[in-house]
Amino acid sequence: MDSNIFDLIKDANDLTLKKHGDLVTLERAVFLSWWCDKGDCAFCYMSTQKDKIKDPRKARRNVSNIYAEAEMCKRLNWNIEFLSGGYKSFTTQEIKEIATKIKYITGDGVWLNTGITDELEEYGSEIKGITGAVEVANPQIHNNVCPSKSLNDISSMLDTAGDLGFKKAITIILGLGETLDDVEYVTDYIREHEIDRVIFYSLNPHKETIYADKSQPASLYYAQVVARVRLEFPEIEIICGTWIDNLANIGILILSGANGITKFPLFKMFGTKYGKRVEEEVKWAGRQLKGTFTDKSKLGEMKSDVSPDLDKFIKRYIKESLKNKY
Ligand code: SF4
């Protein structure tokens, strides 16, 4: 172990508190569909599903359900991390319409993570930023792991996004075979493409993928990557994903520079011992949680404040949040 890791994390924590304050956000990725046209990223659950879905349009979520989810995020003060998926299931115009309505519901512009596109000019103020799914922290490994997501195409989309005035984000999954030396590639990428937000995930080894028997990255490895990026870029927003089986990572990732945390089954965990655990992790890292993972009074009425079309979905989300599955 790098004997300086404590210093690194301490410096990252001091810097984060100084530049960003002590608020930590809960981020919720909102899926548009369960279809992926590429379906060949080596780590991804969707790559095991592609052959099972015959018609991409059938994998579309009901838009009222998407809007109800946005309304629940607003009630609980969770951020919408981005709209995700939807590639080849929704047209650009449809994605724009959905984002416009979500902005109306939450009062906030929406980040997109809906694949490589050359139609960014169609978007306007409903979109806050564009996410490039870089995924792998090593460009050579990238070509094997994500053969259909050309890094060049992602980079040029992000550059165009910047020219059009959108913010820019990238996603990076740790544990795909990269090493600590690859942090330099990540920092070069952030610098070169003027990235505003980095979303880190840790590998979730799915059955039926080549990673099925791999371990998730160590907490202190993950923390060191985050701390190094934070120290290099004091201003950027850093979101860190941890799965429900890794909640103990949260405290150390916050100390290393995370502004937000993500990748939980939020409604399922709400109010349970796991939701409480997340709040404890945030508290013991010396931070305040924006929003709640436990306060049932914030779930609100069993009907929508936006439209009666959303009522039955709101009811379903509230019921799910009140049911303790664990
Ligand atoms: S990571 Fe994204 S692009 Fe790759 S298979 Fe999964 S859903 Fe599709």
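Author: Let's start with Glu-135, which sits in strand S4, the strand that runs over residues 127-135. Keep in mind that this is a predicted model. Glu-135 isn't a glycine, yet its phi is positive, at about 65 degrees. Is Glu-135 buried or exposed? Glu-135 is buried, because 22 other C-beta atoms lie within 10 Å, and 20 or more is what it takes to be called buried.

One more positive phi takes us to the helices. Asn-77, which follows H2, has a positive phi near 65 degrees. So let's look at the helix that comes before that residue. H2 covers residues 63-76. Its 14 residues reach 20 Å from the first C-alpha to the last, close to the 20 Å expected at 1.5 Å a residue.

How many of the residues of H2 are buried? The count is 10 of 14, which leaves H2 mostly covered. Among the buried ones are Ile-66, Tyr-67, Met-72, Cys-73 and Leu-76, but also Glu-69, Glu-71 and Lys-74. The cover over the buried residues of H2 comes from strand S1 (23-31), strand S2 (79-84), helix H3 (92-106) and H11.

Take H3. The axes of H2 and H3 are 9 Å apart, at an angle of about 30 degrees. Angles under 35 degrees count as roughly parallel, and H2 and H3 are therefore roughly parallel to each other. The crossing of H2 past H3 is right-handed. On the H2 side, the contact involves Val-63, Ile-66, Tyr-67, Ala-70, Glu-71, Cys-73 and Lys-74, and they meet Ile-98, Lys-101, Ile-102, Ile-105 and Thr-106 of H3. By class, that contact holds 8 nonpolar residues, 1 polar and 3 charged.

What about H11, residues 311-322? The axes of H2 and H11 come within 8 Å, and they cross at roughly 50 degrees. That angle makes H2 oblique to H11, and the crossing is right-handed. H2 brings Ser-64, Asn-65, Ala-68, Glu-69, Glu-71 and Met-72 to the contact, while H11 brings Phe-313, Ile-314 and Tyr-317. Sorted by class, the contact of H2 with H11 has 5 nonpolar, 2 polar and 2 charged residues. Notice Glu-71: this residue is on the list for H3 and on the list for H11.

H7, residues 219-232, has 14 residues and spans 20 Å between its end C-alpha atoms, close to the 20 Å expected. Its buried residues include Tyr-222, Val-225, Val-226 and Val-229, along with Gln-224 and Arg-230. What covers them includes helices H1 (5-20), H6 (183-192) and H8 (249-255), plus strands S5, S6 and S7.

H1 packs on H7 with the axes 9 Å apart and an angle of about 50 degrees. That makes H1 oblique to H7, and H1 passes H7 in a left-handed crossing. H1 contributes Ile-5, Leu-8, Ile-9, Asp-11, Ala-12, Leu-15 and Thr-16, and H7 answers with Leu-220, Ala-223, Gln-224, Ala-227, Arg-228, Arg-230 and Leu-231. The class count for H1 with H7 is 9 nonpolar, 2 polar and 3 charged.

A last stop is Ala-258, in the loop between H8 and strand S8 (260-262). Ala-258 counts as buried because it has 32 C-beta neighbours inside 10 Å. Beyond its neighbours within four places in sequence, Ala-258 is in contact with Val-226, Ile-238, Ile-239, Cys-240 and Leu-253. Val-226 brings us back to H7, where it is one of the buried residues.

Technical notes: Residues numbered from 1 in each chain as written. Predicted model: local features only at pLDDT ≥ 70, side-chain atom pairs only at ≥ 80, totals over all residues. Helix = DSSP H or I, 4+ residues; strand = E, 2+ residues; numbered from the N terminus. Expected span 1.5 Å × (residues − 1). Buried ≥ 20, exposed ≤ 12 C-beta atoms within 10 Å, placed from the backbone. Contact = placed C-beta atoms within 7 Å. Axes fitted to C-alpha atoms, helices over the stretch in contact; angles between N-to-C directions. Parallel < 35°, antiparallel > 145°, perpendicular 65-115°, else oblique. Left-handed = near helix turned anticlockwise from the far one by under 90°. Nonpolar A, V, L, I, M, F, W, Y, C, P; charged D, E, K, R; others polar.
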